[in-house]
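Here is a structure to read alongside its sequence. The text below goes through it one part at a time.

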Amino acid sequence: MDPTKAKSDLNPDAFNDLARLVHTACGLKLVPEKIMMVQSRLRHRLRALDMSSFDAYVRLLCSPAGMDEKQHMISALTTNVSHFFREPHHFDVLTTAMRDEFRRRIYKKERIRIWSAGCSNGQEPYSIAMHLLGEIPGLADADFRILATDVDKRVIQFARRGQYALQQVSGIPEQHRRAFTHIDTADGQSVTIGAAVKSLISFQELNLISDWPMRHPFDAIFCRNVVIYFDAETQNRLWPRFANALRSDGFFFLGHSERVNAPDTFGFSSIGPTAYQRTGHSLPGFQKRGHLNGTA
Ligand SMILES: C[S@@+](CC[C@H](N)C(=O)[O-])C[C@H]1O[C@@H](n2cnc3c(N)ncnc32)[C@H](O)[C@@H]1O
């Protein structure tokens, strides 16, 4: 074996240390089969730090000097794939079930809050906003806000800009594209989300396995294609926290390959594929601690 290559490879011990670190930092479960993927996703970090071995990289992460690098590591290891109007049946469930309730709240000037937890580059919260603005008259002038959070600082910065390449916006229905976005005149190759939509969304960094600094319950939470990367224990710790972060009868949506097993034990009833509704009493796990920019 080439000795230089062996030195720069991620060996099983270093991989295990890294997997423990990542699990503690953000809940991601790295199974040994992912060793090659982890290695290739982190190689650019070694280059950026001018390090020649993964052993040295893991030592840095385990030391107090590695605090900043942890954020880069999380960014490199999380999967940020998303697109506009992904799994749109969830938006329909929400509008069909909540249309009358939203109208009543708008009329009474009461708050309506939605959380996109694990929002990646912003396509999910922007899609929710465009869909609801198109479906519910008067929503634009109501006390309606979306909190959009992600553990990855880089995607939050991208999402705040709200600027996407033309091919990325192909999933936005034509009428929404005309109403809520504009083509950037400078290059003609990118599209920016309009101010009317942007102003409804607050993008914030938030690690789902840490404390949640929200004050008020949400009408709906979208946490789609996020927990699939967590182990069952981490998921089971999150379910009651999500349930308690919802108002009674609030909605909870997961991605197409995610499930809450035995939803009733966690405060949910299943209302369709990957769609749940909060039931009854609150459960231990959600602490109301403060607020997140008045969004929640
Ligand atoms: C595949 S994307 C899903 C984006 C969007 N929800 C969708 O369905 O298109 C998963 C996102 O979850 C985020 N994520 C992973 N672990 C997280 C954690 N512990 N806290 C918050 N976000 C996390 C990742 O950074 C990534 O942006």
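What follows covers a sheet, a helix residue and the ligand shell.

The model is predicted: local features need pLDDT of at least 70, side-chain atom pairs count only at pLDDT 80 or more, and totals for chains, interfaces and linings use all residues. Residues are numbered from 1 along each chain as its sequence is written.

Three strands make an open sheet in the order S3-S5-S4, with antiparallel pairing. Strands (E, at least two residues) and helices (H or I, at least four) are DSSP runs, numbered from the N terminus, and two strands pair if DSSP finds at least two bridges between them. Strand S3 (163-165) and strand S4 (181-183) are the edge strands, each pairing on one side only. Between S3 and strand S5 (residues 190-193) the antiparallel pairing runs over three bridges. Ala165 stands opposite Ser190 in S5.

Leu77 belongs to helix H5 (residues 67-77). Leu77 counts as buried because 21 other C-beta atoms lie within 10 Å; the cut-offs are 20 or more for buried, 12 or fewer for exposed, and partly exposed in between, with C-beta atoms placed from the backbone. Leaving out residues up to four places away in sequence, Leu77 touches Val22, Leu28, Val38 and Arg41, where contact requires C-beta atoms within 7 Å.

The ligand has 24 residues around it, of which Thr78, Ser82, Gly118, Ser120 and Val151 come nearest; a residue is near if its C-beta atom, placed from the backbone, lies within 6 Å. Domain 1 (3-77) and domain 2 (89-278) each supply at least three residues to this shell, the domain bounds coming from an automatic or database domain assignment.

Note on methods:
Two residues are in contact if their C-beta atoms, placed from the backbone, lie within 7 Å.
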